[in-house]
Amino acid sequence: YSAESPGYDVMVVSVDGGEPRQLTSGIERDVAAGWLPDGSGVVVSRLGGEGELTVIAPIDGSPERRLTPALAGAQNAAISPDGRWLAFERLGDGGSMTIWVQSYPDGEPRQLTTDGFEDPNTWTMWSPDSRRIVYTSRRTGTLDLWVSDITTGEATQITSDVRDDDM
């Protein structure tokens, strides 16, 4: 969880209670975005001096490491359930947002969506089998849910009504 101290830092505490332990520190706003699949660390979304970036805060107290590659605007990173892939959003010129994937931890980033209509205010979500990514997009005018196959890039619209849909 995130606690104010004086910025927002990520903390962990046993589900059985006990004293919280601080994993991150600094003036940036850190938000816990999920666990690594093996439980060895927390994925942290950090908003601060460098803009938004994603880091891993190891549970054992070892130094943080940057999760997203050094691309401008990389944000909202998510590791696949099988721990083999990383998905993240990248803000491009003119405010367009695209989804990128790479093998985890050190693969070459590859752009998955190209339209630039993806919503920057939503997190990407992996399918349980780690083969597809669900996200929101305005490519049809309203905000709808879409799913893309990470191998082929084939995109399929999931919702299609007059309302904006979000996850």
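How many nonpolar, polar and charged residues does the lining of the largest pocket have, by class? The solution is given in Exercise 1, after a note on conventions.

**Conventions.** This is a predicted model, in which local features need pLDDT of at least 70 and side-chain atom pairs count only at pLDDT 80 or more, while totals for chains, interfaces and linings use all residues. Residues are numbered from 1 along each chain as its sequence is written, and side-chain values use heavy atoms, with hydrogens and water left out.

**Exercise 1. Classify the lining of the largest pocket and state which strands supply it.**

Step 1. A pocket is an open set of points on a 1 Å grid over the protein atoms alone, where a 1.4 Å probe fits, with protein on both sides within 12 Å along at least five of seven lines; lining residues have an atom within 4 Å of a point. Grid points are joined across faces, edges and corners, and the volume is the space filled by probe spheres set on the points. For the largest pocket the volume is about 170 Å³.

Step 2. The lining consists of A33, G34, W35, P37, V43, A77, A78, I79, P81, W123, T124 and W126.

Step 3. Ala, Val, Leu, Ile, Met, Phe, Trp, Tyr, Cys and Pro count as nonpolar, Asp, Glu, Lys and Arg as charged, and the others, Gly among them, as polar. The lining therefore comprises ten nonpolar residues, two polar ones and no charged residue.

Step 4. Strands are DSSP runs of E with at least two residues, numbered from the N terminus. Both β4 (29-35) and β8 (74-79) contribute at least two residues each to this lining.

**Exercise 2. Describe the pairing of β4 with β5 and the surroundings of R46.**

Step 1. Two strands pair if DSSP finds at least two bridges between them. Six bridges link β4 and β5 in the antiparallel sense, with R29 opposite L47 of β5.

Step 2. The two strands form a hairpin with five residues between them, and G39 in its turn has a positive phi of about 75°.

Step 3. Buried means under 20% relative accessible area (1.4 Å probe, protein chains only). Because six of the eight residues of β5 are buried, this strand is largely enclosed by the rest of the structure.

Step 4. R46 belongs to β5 (residues 41-48) and counts as buried because its relative accessibility is 11%.

Step 5. A polar contact is a pair of N or O atoms within 3.5 Å, where one must be able to donate a hydrogen and the other to accept it; residues adjacent in sequence count only if both atoms are side-chain atoms. The side chain of R46 makes such contacts with the side chains of D30, at 2.7 Å, and E64, at 2.9 Å.

**Exercise 3. Determine what surrounds S80.**

Step 1. S80 lies in the loop between β8 and β9 (85-91) and counts as buried at 0% relative accessibility.

Step 2. Contact means heavy atoms within 4.5 Å. Beyond neighbours within four places in sequence, S80 is in contact with P37, W85, W126 and S130.

Step 3. A polar atom of the S80 side chain lies 3.3 Å from the backbone nitrogen of R84.

Conventions: Helix = DSSP H or I, 4+ residues; strand = E, 2+ residues; numbered from the N terminus. Buried < 20%, exposed > 50% of the residue type's maximum accessible area, 1.4 Å probe, protein only.
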